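Subject: Structure handover

Hello,

Here is the structure for you to take over. My notes follow below it.

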Amino acid sequence: YYGRPGFQKLEVEKTLKLNDANKKSISGYIQRMAKSKVEERYLGHAGNSFSVMKSDSTLIIDVYGGGTFSDDSYNRLLTELNLSIKQNNGK
């Protein structure tokens with residue numbers, strides 16, 4: 001993760017044994033990120049950054065955008081992998 005340690009801190013660390021469905025979900029996420037990268041446009045400082053990186057660094061995709069595609073895509077991946085995220089909506 002990028003940024004100051006206090007700003008983007010690791011909230012969950014989990015080791016998963018990937019089954020075929022998990023691998024398909026990850027492959028779909030990478031395909032959506034690659035498509036988003038091709039369609040990416042500069043939005044100034046009003047967006048989120050998402051990255052996909054292979055452990056040996058032979059594949060790196062960084063996507064920056066202000067739309068909901070990347071958020072939705074990332075949340076879809078978490079749901080498909082049965083991972084949850086803590087929502088902080090001021091509640």
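Which residues make up the largest nonpolar core? There are eight: Tyr29, Met33, Phe50, Val52, Ile61, Val63, Leu77 and Leu81. A nonpolar core here is a set of buried Ala, Val, Leu, Ile, Met, Phe, Trp, Tyr and Cys residues joined through side-chain atoms within 4.5 Å. Buried means under 20% relative accessible area, exposed means over 50%, and partly exposed lies in between (1.4 Å probe, protein chains only). In soluble globular proteins, nonpolar side chains tend to be buried together.

Ground rules before the rest. This is a predicted model: local features need pLDDT of at least 70, side-chain atom pairs count only at pLDDT 80 or more, and totals for chains, interfaces and linings use all residues. Residues are numbered from 1 along each chain as its sequence is written, and side-chain values use heavy atoms, with hydrogens and water left out.

Overall layout

The protein chain has two helices and two strands. Along the sequence the pattern is α-β-β-α. Helices (H or I, at least four residues) and strands (E, at least two) are DSSP runs, numbered from the N terminus. The chain has 91 residues, of which 20% count as buried. Contact means heavy atoms within 4.5 Å. Of the contacts with a separation of 6 or more, 44% are between residues 24 or more positions apart.

Three elements each supply at least two of its residues: α1 (20-39), β1 (48-53) and β2 (60-65). Take valine 52, one of the core residues. Beyond its neighbours within four places in sequence, valine 52 is in contact with Tyr29, Ile30, Met33, Leu59, Ile60 and Ile61. Methionine 53 is also in strand β1. Methionine 53 is partly exposed, at 47% relative accessible area. Its C-alpha atom is separated by 9.5 Å from that of isoleucine 30, 23 residues away along the chain.

Aromatic rings

The structure holds two aromatic pairs. Rings of Phe, Tyr and Trp (its six-membered ring) pair if their centres lie within 6.5 Å; planes under 30 degrees apart count as stacked, over 60 as edge-to-face and the rest as tilted. Phenylalanine 50 and tyrosine 74 form a tilted pair, with 5.7 Å centre to centre and 45° between the planes. This pair links distant parts of the chain: phenylalanine 50 is in strand β1, tyrosine 74 is in helix α2 (residues 69-80), and they are 24 residues apart. Phenylalanine 50 is buried, at 12% relative accessible area. Tyrosine 74 is partly exposed, at 32%. Tyr29, Phe50 and Tyr74 form one aromatic cluster.

Helix α1

How does the span of α1 compare with what its 20 residues should give? At 1.5 Å a residue they should span 28 Å, and the end C-alpha atoms are 29 Å apart, which agrees. The expected span is 1.5 Å times one less than the number of residues.

Buried in α1 are Asn22, Ser25, Gly28, Tyr29, Arg32, Met33 and Ser36. Seen down the axis, the buried residues fall within an arc of 135°, so they line one face of the helix. The arc is that of the directions from the helix axis to the C-beta atoms. The face turned away from the buried side carries the exposed residues Asp20, Lys24, Gln31, Lys35 and Val38.

Serine 25 is buried, at 10% relative accessibility. Lysine 24 is exposed, at 67% relative accessible area. Lysine 24 and glutamate 80 are 56 residues apart in sequence, and 9.6 Å apart in space, C-alpha to C-alpha.

Backbone points to check

Most residues other than glycine have a negative phi, and most peptide bonds are trans. Serine 57 has a positive phi of about 65° and is not a glycine. Serine 57 sits in the loop between β1 and β2. Serine 57 is partly exposed, with a relative accessible area of 43%. Asparagine 82 also has a positive phi, near 60°. Asparagine 82 is in the segment after α2. Asparagine 82 is exposed, at 66%.

Best regards
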